[in-house]
Amino acid sequence: MGSKYALQLQNLTKKIGRTTIIDDITLNIPKGEVFGLLGPNGSGKTTMIRMMAGLMKITKGEIFIHGINIKKDFEGAIKHVGAIVENPELYKFLTGYQNLQHYARMVPGISEERIKEAASLVKLDQRIYDKVDTYSLGMRQRLGVAQALLHRPSVLILDEPTNGLDPAGIRELRDYLRHLTDTEGTTVVVSSHMLLEMELLCDRLAIIRNGRLLDEGHIKDLIHSDDQVPVRFNVDDKSRIHDILSQVNSKAKYKQIMDGFEITLSKEEIAVVNAALVANGIKVYGINPVTKTLEDSFLQITGDGEDE
Ligand SMILES: Nc1ncnc2c1ncn2[C@@H]1O[C@H](COP(=O)(O)OP(=O)(O)OP(=O)(O)O)[C@@H](O)[C@H]1O
């Protein structure tokens, strides 16, 4: 497993009939992180995941799992992957443990020890001997994840894992996914159309729309590209802003607001613009960051969420 990436997609393309569902996506997913595929409904997340999990044929391009080409060595690549794409079938009248045992019988080499370990990885050890029909939705989902973990995959792929979960359930999901990346070094790929949930769950995000990759990166970088921050200056006189900004050679665009103006600047530039305002006799009552959420960035990147 020499590659520093757990998963690599190279020019991945999927066509069904004449429709291009995934369009030339190249993406490197680092090991040991929680990676999110974010996009509106129908953007192609499930299709990507199905190809990554070896459940769907690739039309064009390549997928590498720990450097192993899925097309050239399917078994060798896919053995590293555990996935939940549709809701896993669970036997409600059996206990969680019996469900895992039942599944383990179908896969060679899974010990009773590993079953207990998988239950504990998703923090279900306290309830594993209870019947599944007494489980909450979050617990059933955890049992599904434990099942996907039995064969010790180093890549875990979950399609829309937050669906139907309440905030407490989402927090639990976040906690045990973190536990998996931290203790086992597992790489986790999750999909969702919910920005806030992805912000909570993931280290990195790829933003997908109409089968294309719009942007990719660390969550922090997607929120604030480089070190430029949008700020709001509250001033007593905004009539001379244009002149003052040209005095300091600032080409940043600004927007007038009721009691001042908004502008995106680096830290250093904020100090320079502030000094210039004061030197020109303008009273500066406040400089405040304009918080930009992931939602703003997402809407900006996806073109305000309008359909093409
Ligand atoms: N078998 C198929 N035949 C034709 N079109 C398909 C097929 N499967 C998926 N599509 C289309 O491909 C697009 C992407 O679907 P996909 O399920 O991957 O999106 P998604 O991002 O997972 O959406 P959702 O969040 O709704 O699950 C959709 O427009 C869908 O209608």
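Tutor: Asn234 belongs to strand S11, which spans residues 229-235; helices (H or I, at least four residues) and strands (E, at least two) are DSSP runs numbered from the N terminus. The model is a predicted one, in which local features need pLDDT of at least 70 and side-chain atom pairs count only at pLDDT 80 or more, while totals for chains, interfaces and linings use all residues. Residues are numbered from 1 along each chain as its sequence is written.

Asn234 is partly exposed because 16 other C-beta atoms lie within 10 Å; with C-beta atoms placed from the backbone, 20 or more such neighbours make a residue buried, 12 or fewer make a residue exposed, and counts in between make a residue partly exposed. Leaving aside neighbours within four places in sequence, Asn234 has contacts with Asp259, Gly260, Tyr285 and Gly286, a contact being two C-beta atoms, placed from the backbone, within 7 Å. Val284 is 50 residues from Asn234 in sequence, yet their C-alpha atoms are 5.9 Å apart.

The domain assignment gives domain 1 as 5-223 and domain 2 as 229-291; such bounds come from an automatic or database assignment. Taken over C-alpha atoms, the centres of domain 1 and domain 2 are 46 Å apart.

Turning to the cores, the largest nonpolar core has 59 residues, of which Met52, Ala146, Ile157 and Val189 touch the most other members. A nonpolar core is a set of buried Ala, Val, Leu, Ile, Met, Phe, Trp, Tyr and Cys residues joined through C-beta atoms within 7 Å. Helix H5 (residues 137-149) supplies the largest share of this core, six residues. Apart from this core lies another, of nine residues, among them Val235, Ile241, Leu265 and Leu277.

As to confidence, the mean pLDDT of the chain is 89, with 92% of residues at 70 or more; pLDDT is the predictor's confidence in each residue, from 0 to 100. Where pLDDT is low, the predicted coordinates should not be read in detail.
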